[in-house]
Amino acid sequence: MSDPTPEAPQPPAKRRLSTRGACAFCLRSFSKGAIVRHLETCPARQAAHLPGRKGSVHISVESRDDRRYWMHLEVANSAILADLDVFVRDTWLECCGHLSEFRAGRMSYASSPDPDWNDGSMDVPVGRVLQPGAALEYDYDFGSTTRLYIRVRENHPFRSGEAPVVLLARNEAPEWTCVACGAPATAVCTTCIWEGSGFLCEKCSGEHPCTEEMLLPVVNSPRMGVCGYVG
Ligand SMILES: [Zn+2]
Ligand SMILES: [Zn+2]
Ligand SMILES: [Zn+2]
Ligand SMILES: [Zn+2]
């Protein structure tokens, strides 16, 4: 059934280059810049500190290609690099068990180290790699790569939880609108996304000419629309 006075198709929502994010402890929302200072003073985070433990290191992680996707993490000094790999896979990346790698300067730490390439293993204490001021790159999947940029901010004498990696804050989901009708998008067509027109609402997904296998859900992750990533 067609609407007698259809509205003109809306252009995609203006893509904001920055996203706000919520503190994982008090759930308040802050700009990407302001949250760093907040995390240092948040009373709810301080209440979560575990006394008498080895400390932690505060890092930020963001998508290399789309800086609207970002997280702040606290990595326990007792953790190994593989713990951080597991965390970013679980939160943002895992679709079908691809290989991954951290790179810091000329060193690399791979999920499946290749001796011919002089890879290090991820079974390495974080203190050896996550030094304040250091910057690392991380790749998930060497085919359809999702690349992350990691900045090491500072060491803390405390930990804010039992897990080897604790989420401090992450970006709120960017809003995407259906290219056909302007309603909030729920799916992305992995073919049409390359022409910048892949976002679809639930209703228009059913009428989209590409096959259903081409559609993936809209998710709050820099791997949205890539390989088989469903969140
Ligand atoms: Zn807070
Ligand atoms: Zn995959
Ligand atoms: Zn629509
Ligand atoms: Zn399509």
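Among contacts between residues at least 6 apart in sequence, what percentage join residues at least 24 apart? In this protein the figure is 58%, where contact means that two C-beta atoms, placed from the backbone, lie within 7 Å. The model is predicted, so local features need pLDDT of at least 70, side-chain atom pairs count only at pLDDT 80 or more, and totals for chains, interfaces and linings use all residues. Residues are numbered from 1 along each chain as its sequence is written, while chains are lettered from A and ligands numbered from 1 in the order in which they are written.

The C-alpha atoms fill a box of roughly 70 × 50 × 25 Å along the principal axes. The protein has 4 helices and 13 strands; these are DSSP runs (H or I, at least four residues, for helices; E, at least two, for strands), numbered from the N terminus.

An open sheet of 10 strands comes next, with mixed pairing and the order 2-1-10-4-3-9-8-5-6-7. Strands pair if DSSP finds at least two bridges between them. Strand 2 (29–30) and strand 7 (120–121) are the edge strands, each pairing on one side only. Strand 8 (residues 135–140) and strand 9 (residues 146–156) run antiparallel, joined by 6 bridges; Leu-136 has Ile-150 of strand 9 as its bridge partner.

Buried residues (20 or more other C-beta atoms within 10 Å of their own, C-beta atoms being placed from the backbone) make up 35% of the 231 residues. In helix 3 (residues 81–93) they are Leu-81, Leu-84, Asp-85, Phe-87, Val-88, Trp-92 and Leu-93. Seen down the helix axis, these buried residues fall within an arc of 165° (taken from the directions from the axis to the C-beta atoms), so they line one face of helix 3.

Conventions. Buried ≥ 20, exposed ≤ 12 C-beta atoms within 10 Å, placed from the backbone.
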